[in-house]
Amino acid sequence: MDLYSGYINKLIEELAGLPGIGAKSAQRLAFHIINLPKERVERFASTMIEAKNNVRYCGRCFTLTDQEICPICANAKRDQKTIMVVENTRDLAAYEKTGKFDGVYHVLHGAISPMLGMGPNDIKLKELMQRLQGDVEEVIIATNSSLEGETTAMYISKLIKPTGVKVTRIASGVPVGGDLEYIDEVTLLRALEGRVEL
Ligand code: ZN
């Protein structure tokens, strides 16, 4: 016998499918939503749909944006010849918050992970190589210092080396396994300034 209405069960199921939400949290959130005023719920639902409908990948760096080309790529003051490669848009935001990097980015949307079945073709690597056919002086690899991040960095550097473009890796002052987005700005800047050529 179902303890709750089928509608609530369905809501709990959807919420439990979100990252970091366990069965208990999903239940708590479902009841919270049910108890919200109708307008709040409608606004929440339409905000999700609007975001989904309007946000896409930048045509150049693949970060999330609601424009054809994101504001960073479109900014003539940014150094388009220096590309920092990051795993996701959150990592880009972490570096952007330091306000000290004036190059542009390339967002891979993942990292190579044989264990998770993620290969080079599952991330935006081909797209990075295409960008290197333009005028690029340096590629700074800022993937995480996790096993996947290091594997990805090695793979990319081997791919880029023959093209003659300078490849550097941010310094490993970054704690092993640490997600870039959780690291403070000083550490990020130190990692960037201490980058080494691969
Ligand atoms: Zn962009």
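## A zinc site and its surroundings

Along the chain, the donors of the zinc ion follow the spacing C-x2-C-x8-C-x2-C. Before going further, note that this is a predicted model, where local features need pLDDT of at least 70, side-chain atom pairs count only at pLDDT 80 or more, and totals for chains, interfaces and linings use all residues. Residues are numbered from 1 along each chain as its sequence is written, and side-chain values use heavy atoms, with hydrogens and water left out.

Which residues hold the zinc ion? The protein donors are Cys 58 (SG), Cys 61 (SG), Cys 70 (SG) and Cys 73 (SG), lying 2.3 Å from the zinc ion. Donors here are N, O and S atoms within 2.8 Å of the metal (3.2 Å for Na, K and Ca); water is not among the atoms, so sites may look incomplete. The 4 donor atoms subtend angles of 105 to 115 degrees around the zinc ion, so the arrangement is tetrahedral (for four donors, that label needs all angles between 85 and 135 degrees).

Now for how covered some residues are. Buried means under 20% relative accessible area, exposed over 50%, and partly exposed in between, using a 1.4 Å probe and protein chains only. Here are some residues on that scale:

| Residue | Relative accessible area | Class |
|---|---|---|
| Cys 58 | 1% | buried |
| Cys 61 | 2% | buried |
| Phe 62 | 14% | buried |
| His 109 | 23% | partly exposed |
| Ser 157 | 8% | buried |
| Ile 12 | 13% | buried |

Two of these residues deserve a look at their backbone. Most residues other than glycine have a negative phi. Phe 62, however, has a positive phi, near 70 degrees, and is found in the loop between β1 (56-57) and β2 (64-65). His 109 also has a positive phi, near 60 degrees, and its place is in the loop between β4 (103-107) and α6 (125-131). Helices (H or I, at least four residues) and strands (E, at least two) are DSSP runs, numbered from the N terminus.

What does Ser 157 touch? Ser 157 lies in helix α7 (residues 147-160) and touches Ile 141, Val 167 and Leu 198, leaving aside residues up to four places away in sequence. Contact means heavy atoms within 4.5 Å. Ile 12 and Gly 149 are 34 Å apart in space, C-alpha to C-alpha, and 137 residues apart in sequence.

Next comes a helix pair. Helix α5 (residues 89-98) packs with helix α8 (residues 185-193) at an angle of about 95 degrees, their axes 9 Å apart. That makes α5 roughly perpendicular to α8, a label for angles of 65 to 115 degrees. Axes are lines fitted to C-alpha atoms, for helices over the stretch in contact, and angles run from 0 to 180 degrees between N-to-C directions. On the α5 side, Ala 94, Tyr 95, Lys 97 and Thr 98 meet Glu 185, Leu 188, Leu 189, Ala 191 and Leu 192 in α8. By class, this contact has 6 nonpolar, 1 polar and 2 charged residues. Ala, Val, Leu, Ile, Met, Phe, Trp, Tyr, Cys and Pro count as nonpolar, Asp, Glu, Lys and Arg as charged, and the others, Gly among them, as polar.

Finally, the whole chain. The protein chain has 8 helices and 7 strands, and its C-alpha trace spans about 65 × 35 × 35 Å along its principal axes. Of its 198 residues, 39% are buried.

Terms used
Angles under 35 degrees count as roughly parallel, over 145 as roughly antiparallel, 65 to 115 as roughly perpendicular and the rest as oblique. Four donors count as tetrahedral if all angles lie between 85 and 135 degrees; four count as square planar and six as octahedral if opposite donors are over 155 degrees apart and all others between 65 and 115; anything else is irregular.
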